[in-house]
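Please take the following model slowly, and keep the display beside the text as you read.

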Amino acid sequence: MPFILSLDEGTTSARAALYDEQGRCAGMESSPVQCHYPRPGWVEQDALQIWAAQMEAARRLLEKTGARPAEIRGAGITNQRETVVVWERATGRPVAPAIVWQCRRTADFCAELAASPYAARISARTGLVIDAYFSASKLRWILDHVPEARAKARDGELLFGNVDTWLIWKLTGGVAHVTDPSNASRTMLMNLETGGWDDELLGVFDVPRVMLPRIEPSSAVVGACRAEHLGAEIPIAGIAGDQQAALVGQACFQHGRSKNTYGTGCFALMHTGERLPVSRNRLLATRAASTDQRSQFAVEGSVFIAGATIQWLRDQLGLIRSAAESEAVAASVPDTGGVYFVPAFVGLGAPHWDSTARGVLSGLTRASGRAQIVRAALEAIAYQTRELVEAMQADAGEQLRELRVDGGAAANDFLMQFQADVLGCPVVRPADIETTALGAAYLAGLATGFWRDAAEIESFWRVERVFEPRLEPARREELFEGWRAAVARCRS
Ligand code: ADP
């Protein structure tokens, strides 16, 4: 049976999955990726360990499913975005640990840049808010701190890549040094409108152009995985950053279609078609992973701490034994009794972008107990999502008709129902919530003719459950007002 292979390299694990002609998952394997925290606020990974984990997952997948490598018609790559790898062209040796998207080491540089005359131009050109989150300041840091790195980069001896680029370079034995617009748009070095590297931005971050990958379409054959890796030569035919891949996996191809992923953080994206979005509400404008050759765009809002709050309740407070238990505990009380929990552990992301905010638990009384606090933590995920959705609606000038959901915490029925209640719009959970891996497979399958077109892919998308809003509008607004007041308390 023919398959498409998806390689899904995330922050905490590298996964590999196979999909058949009906878009059904025939197996998925994962292998952990280690994070290192050498100083407060610093987050690093070893690019060679990322590569080894990705290969381990793929090889185990082939073993367990018994799929023959020669039956794999194409491979799609999706990845943790913004993370920076710099390596030697001649040897493939990384010159420094990979700097992970979460790493805050360049926060001071970014604060200075944000206060400089360049700031407005950079944001207008890239669609991004100036922040250490994006690749450019991290790449600059490596070029500034690794001896002779900038001179070597100028001489063409060093290469830069996000994790997609790094993996493809390894898979192709150093033949293809490429990325796609969805990843490139997160570097802060790409002109969002033209889709090309921007000389002025390269100047601001002092990055030599020769070290950058070629930007290829998200759905196109860009090289071949060498037979020595997986047992057969496989065309590499799809690339997308994880959130844009999830947008494809959710069959959100048209203007206005939106998805929210509930993982460690929350990432909400709304497709804006071929129109370049300009956010007036502090969201990011970004490239969508186009299923054809046309440029497509999306607006994105990210919440840094979402499902991570539930981990915190489990590991730091010991209020629950497992993340799944939070559902029954929250549902055991009719409401939080006025308790709000704002998990601003690392500040607040969109639309506040306040790195000085810190977490707050408010409205406590003698009646507040474990159930109220657990419930407030889950409700916080929904309130933060509503803030993103409100900003998106204001940008788009129209109301959301439904929100498609995925990610680990989307399995929580209480959370999904509360989300529908607090948004006042239906929340739709698909049968396959591994939408990131699925999206990368779709991109590769379209480029290799495994699937015909976006319409065929849309026909694979199946609803598992729809959560309809049930709350009175007046009560909804009253609850959300309480959230706004709690957020105001956590900001300095
Ligand atoms: P990531 O890809 O960011 O690592 P996942 O999509 O695997 O995350 O989701 C894991 C996150 O979701 C964890 O933070 C976990 O606490 C949370 N989570 C998982 N299951 C549930 C659940 N049933 N209820 C609430 N949160 C959950």
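A backbone N or O atom of Gly 307 lies 2.9 Å from an oxygen atom of the ligand, and a backbone N or O atom of Gly 408 is found 2.8 Å from an oxygen atom of the ligand. In Asn 412 it is the side chain that takes part, with an N or O atom 3.0 Å from a nitrogen atom of the ligand. Each of these is called a polar contact, a pair of N or O atoms within 3.5 Å. On its own the ligand has 580 Å² of accessible area, of which the protein covers 71%; such areas come from the Shrake-Rupley method with a 1.4 Å probe.

This is a predicted model, in which local features need pLDDT of at least 70 and side-chain atom pairs count only at pLDDT 80 or more, while totals for chains, interfaces and linings use all residues. Residues are numbered from 1 along each chain as its sequence is written, and side-chain values use heavy atoms, with hydrogens and water left out.

Which residues are closest to the ligand? The shell holds 14 residues, each with a heavy atom within 4 Å of the ligand, and the closest are Thr 264, Gly 307, Ala 308, Gly 408 and Asn 412. Helix α11, residues 307-315, gives the most to this shell, with 4 residues; helices (H or I, at least four residues) and strands (E, at least two) are DSSP runs, numbered from the N terminus. By class, the shell has 5 nonpolar, 9 polar and no charged residues, where Ala, Val, Leu, Ile, Met, Phe, Trp, Tyr, Cys and Pro count as nonpolar, Asp, Glu, Lys and Arg as charged, and the others, Gly among them, as polar.

Next come the empty spaces. Rolling a probe the size of a water molecule over the atoms shows where empty space is left. On a 1 Å grid over the protein atoms alone, a cavity is a set of points where a 1.4 Å probe fits but cannot get out, whereas a pocket is an open set with protein on both sides within 12 Å along at least five of seven lines, and lining residues have an atom within 4 Å of a point. Grid points are joined across faces, edges and corners, and a volume is the space filled by probe spheres set on the points.

The second largest pocket contains about 280 Å³ of space and is lined by 16 residues, with Ser 123, Ala 124, Gly 127, Val 278 and Ser 279 nearest its centre. Helix α3, residues 119-126, gives the most to this lining, with 3 residues.

How many cavities of 30 Å³ or more does the structure hold? There are 2 of them. The largest cavity has about 60 Å³ of space, and its lining includes Phe 304, Ala 350 and His 352. The second largest cavity, with about 40 Å³, is lined by Arg 121, Ile 122, Arg 125, Glu 200, Leu 201 and Val 204, and by class this lining has 3 nonpolar, no polar and 3 charged residues. Helices α3 and α8 each supply at least two residues of that lining.

Two places in the backbone also deserve a look. The peptide bond from Ala 350 to Pro 351 is cis, with omega near -5 degrees, and Pro 351 lies in the loop between β17 and β18. Met 188, in the loop between α7 and α8, has a positive phi of about 75 degrees although it is not a glycine.

Definitions and conventions. A polar contact is a pair of N or O atoms within 3.5 Å; within protein, one must be able to donate a hydrogen and the other to accept it, and residues adjacent in sequence count only if both atoms are side-chain atoms.
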